[in-house]
Structure formats: structure tokens, C-alpha cells
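Visitor: I have just opened this entry and would like a short tour. Could you take me through it step by step?

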Amino acid sequence: MSEEPATGTGAATAGMTADGKAESPAAVPGAGMVADSNGAGGAQSRTADIVPGPGGVMTDEVGVVTGELTLRTSYADGRVTLSVQYKDADEWYAVTGGSAPLADAAGLAAVHGIAVGLLHRPEG
């Protein structure tokens with residue numbers, strides 16, 4: 001491992017001067033962030049391609065949708081929400097009854113796995 005010498009004027013210790021005072025505000029990438037979660041409670045989502053059974057998936061906006069779909073499980077503001085779109089389409093539709101409180105974003109993957117397991121029925 002090689003180290004490059006510090007260049008420029010001033011100390012090379014995170015923007016600090018010899019007297020311990022910062023030369024200017026230092027940006028610290030990722031400060032206050034939780035890895036891989038967009039922050040502790042930020043919006044997150046997971047998607048999966050599904051083929052529902054013969055009854056399709058009921059949505060609030062357009063009723064039943066069938067065929068090849070993409071399921072999105074989203075977490076924001078303490079709630080998890082399911083939505084679907086026709087595969088590769090632009091419009092998303094809320095799954096009827098597909099929203100519930102979720103205390104911790106860490107549960108998103110489990111909820112998504114359950115939703116996929118319930119809705120993906122390519123053989124009927």
C-alpha cells in the first residue's frame with residue numbers, strides 16, 4: 001500500500017490547522033448515513049417480475065391486472081406499500097389492500113418475499 005504525500009497549504013489532517021481549528025467546513029461523504037438503507041428511515045423499495053394466477057391482482061386504480069407484471073414493495077414513513085405495473089410499462093397501480101404499517105425498514109425484504117410468494121402463481 002502506498003501513500004501519496006499531502007499537497008497544498010495547511011495541514012493534511014482532515015482540514016485541521018496546527019491550532020486544531022478547521023480551515024473551512026469539511027464535507028464528510030456519508031456522514032450520518034446508514035449503509036445500504038438510504039438512511040435509517042428513508043424511502044426504499046424492492047421489485048420482482050411476477051405472473052399472477054388466473055384472478056390477477058386487484059388494484060385501486062384500474063381493477064384487475066393480469067399477465068406479466070412487476071411488483072414493487074416500497075417502504076416510506078413507517079408504511080409498506082405494494083404496487084404493480086405491466087412489465088416494462090411506466091404506470092404503477094396500488095394493490096388493493098396492499099398497504100400496512102411497518103415499524104422498521106429492515107422488514108422490507110421479508111414483506112417483499114411474502115408478497116412475491118403470494119402473488120407469483122405462473123401455473124395458476
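**A guided conversation**

Guide: Of the 124 residues in the protein, 27% are buried. Please note that this is a predicted model.

Visitor: How many helices and strands are there in the protein?

Guide: The protein has one helix and six strands. Along the sequence they follow the pattern β-β-β-β-β-β-α.

Visitor: Which residues have the most contacts inside the largest nonpolar core?

Guide: They are Ile50, Val57, Val65, Leu71 and Val84, in a core of 13 residues. At least two residues of this core come from each of β1 (44-50), β4, β5 (79-86), β6 (93-101) and α1 (108-119). The largest share, three residues, is supplied by α1.

Visitor: Why would such residues gather?

Guide: As a general matter, nonpolar side chains in soluble globular proteins tend to be buried together.

Visitor: Take valine 57, then. What does it touch?

Guide: Leaving out residues up to four places away in sequence, valine 57 touches Pro52, Gly63, Val64, Val65, Leu69, Val84, Val95 and Leu119. There is also a second, separate core of five residues, with Val80, Leu102, Ala105 and Leu108 among them.

Visitor: Let us change topic to threonine 70. Is it buried or exposed?

Guide: Threonine 70 has a relative accessible area of 8%, so it counts as buried, the cut-off being under 20%. Its place is in strand β4 (residues 69-76).

Visitor: With which side chain does the side chain of threonine 70 make a polar contact?

Guide: The partner is the side chain of aspartate 49, at 2.9 Å. Beyond its neighbours within four places in sequence, threonine 70 is in contact with Thr47, Ala48, Asp49, Ser83, Val84, Gln85, Lys87 and Trp92.

Visitor: What about the loops? Where is aspartate 77?

Guide: Aspartate 77 lies in the loop between β4 and β5. Its phi is near 50°, a positive value in a residue other than glycine. Aspartate 77 counts as exposed because its relative accessibility is 76%, and exposed means over 50%.

Visitor: And aspartate 88, buried or exposed?

Guide: Aspartate 88 is exposed, at 69% relative accessibility. This residue sits in the loop between β5 and β6, and its phi is positive, about 70°, although aspartate 88 is not a glycine.

Visitor: Finally, what does the accessible surface of the protein come to?

Guide: The total is about 8,300 Å², and 54% of that belongs to carbon and sulfur atoms.

Technical notes
Residues numbered from 1 in each chain as written. Predicted model: local features only at pLDDT ≥ 70, side-chain atom pairs only at ≥ 80, totals over all residues. Heavy atoms only, no water. Helix = DSSP H or I, 4+ residues; strand = E, 2+ residues; numbered from the N terminus. Buried < 20%, exposed > 50% of the residue type's maximum accessible area, 1.4 Å probe, protein only. Polar contact = N/O pair within 3.5 Å; in protein donor to acceptor, adjacent residues only side chain to side chain. Contact = heavy atoms within 4.5 Å. Core = buried A, V, L, I, M, F, W, Y, C linked by side-chain atoms within 4.5 Å. Areas by Shrake-Rupley, 256 points an atom, 1.4 Å probe, with all protein chains shown as cover.
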